[in-house]
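Trainee: Before we discuss terms, could the model be put up on the screen?
Mentor: Here it is.

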Amino acid sequence: MSLVSGPGRAGGNALPEELQLAIEPHVKYIQSLDTRKDELEYWLTEHLRLNGLYWGLNALHLLNRPDALHRKETIDFVLSCQADNGGFGAAPGHDAHLLYTASAVQILAMVDGFGELEKRGKAGGAMAVGKYIAALQNRKTGTFAGDEWGEEDTRFICCAFVGLSLLKLLQFVDVEKAVDYIISCANFDGGYGVAPGAESHSGQIFACCAALTIARRLDTVEKDKLGMWLSERQVEGGGLNGRPEKLEDVCYSWWVSSSLSMIGRLHWIDGGKLSRFILNCQDTEHGGLADRPGDMVDVFHTNFGLAGLALLEFDGLEEVDAAYCMPKKVIERVLGPGYYNDS
C-alpha cells in the first residue's frame, strides 16, 4: 500500500499511521468502477456516468496517477455521449445537459482530447459545444438553463463558464449579464443561493465564486462577510457542512474550502482538523472516501475529499485549481502558462 505521511503546510504535525493517505487502494477503487456491470448500483447510476468519469479521472490526476485510466477508451466514451445539438448527456443516448457538458469538457481537457473532439465530435467540434452552451443563456437575465426544459440555477452559470473558458469560447455569452445575475443572488449573510432570495448554501456559493473567478469579477464579493459565514461551517470534529445546523460531509471539504481559497480566506478554518476528518472517511483497505467516517464510499466523495486535501496542500497530491476543481498544471496547459500570473 502506498502511503503519504504528512498533511502539508495547512495540516500541522505528521499524521499517525492510521490517518495516512492510502494511494494505491484509491487508485484501484476508481479503476474498478466500470467493471461492476453485474451490480444493480451500476445501472441505477447511469444518469451520473459522465460526471462519475470526471470525478474518478480528476481524483487520479490529483493522486499523480493520470494514466491509470485508458486515454483512448476515455475519449471514445465521452464522444459517444455527445448529442446532435453539440451538448453531452450522462451516457450514450441520454439527452444533453449543461452539467454533463461541463464534465465532458473537463475530461477532454485533462486527457488532452480537444483534438479528437475536432476530428470526431458531432456538429462541428468545439464550436458546436460552445453554441450549445450559449443557446442556454437567458439573454434577459443573464442566467443559464440546464437544458432545453428551462430549469435555471446558479450552478449552470458555473458550468457554462467552466466549459466555455476551457474551450476558449467565453465570448459566446454575455459574461457581464451573468455576473449581474450572480450579484442579484447575494444574501445579507454574504452567501449565494440558487436564485435571488434563495437560502445561502455552500454548493451554490462555490458555483458563484467559481464563475466570478473565471470572469475576473471577485471584486463584487463581500469577502469578509462571506468568509465569516463559510468559516462557521466547520464543526467540532473538523469537518464542514453546507448550511447551519447540518451534519458535516466530506464533499463540503471542497465546496467550502475552495470558496474560502478563492476569496483569500482559507486560513480562517483549521486545515489540520479538516485533513484528519477527510482521512477518517477513507477506506484504507478497499479504497474510496465516504461522506462521513464508517459510511459507504463512492466516487463523488472520493474526488471532492481528495480535492479538499489537495487544496490544503497535502503532501504528495497535485496542486488543484479552486475554481475548476482540476489540477493547476492542466489549467496552465489549456489556458496558457500565464493564466495564474494574470489572475
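Mentor: Helix 3 (49–62), helix 5 (98–110), helix 8 (154–166), helix 10 (202–214) and helix 14 (299–311) each contribute at least two lining residues to the second largest pocket. Helices are DSSP runs of H or I with at least four residues, numbered from the N terminus. The model is predicted: local features need pLDDT of at least 70 and side-chain atom pairs 80 or more, whereas totals for chains, interfaces and linings use all residues. Residues are numbered from 1 along each chain, and side-chain values use heavy atoms, without hydrogens and water.

Trainee: What makes 17 residues of the lining of the second largest pocket nonpolar?

Mentor: Ala, Val, Leu, Ile, Met, Phe, Trp, Tyr, Cys and Pro count as nonpolar, Asp, Glu, Lys and Arg as charged, and the others, Gly among them, as polar. By that division the lining also has six polar residues and one charged residue.

Trainee: Why is V221 called buried?

Mentor: Its relative accessible area is 8%. Buried means under 20%, exposed over 50% and partly exposed in between, with a 1.4 Å probe and protein chains only. V221 is therefore buried.

Trainee: Where does V221 lie, and which residues does V221 touch?

Mentor: V221 is in the loop between helix 10 and helix 11. Leaving out residues up to four places away in sequence, V221 touches Y192, L212, L226 and I263; contact means heavy atoms within 4.5 Å.

Trainee: Which residues of helix 11 are buried?

Mentor: In helix 11 (residues 223–231), these are L226, G227, W229, L230 and S231. Their cover includes helix 10 and helix 12 (252–262).
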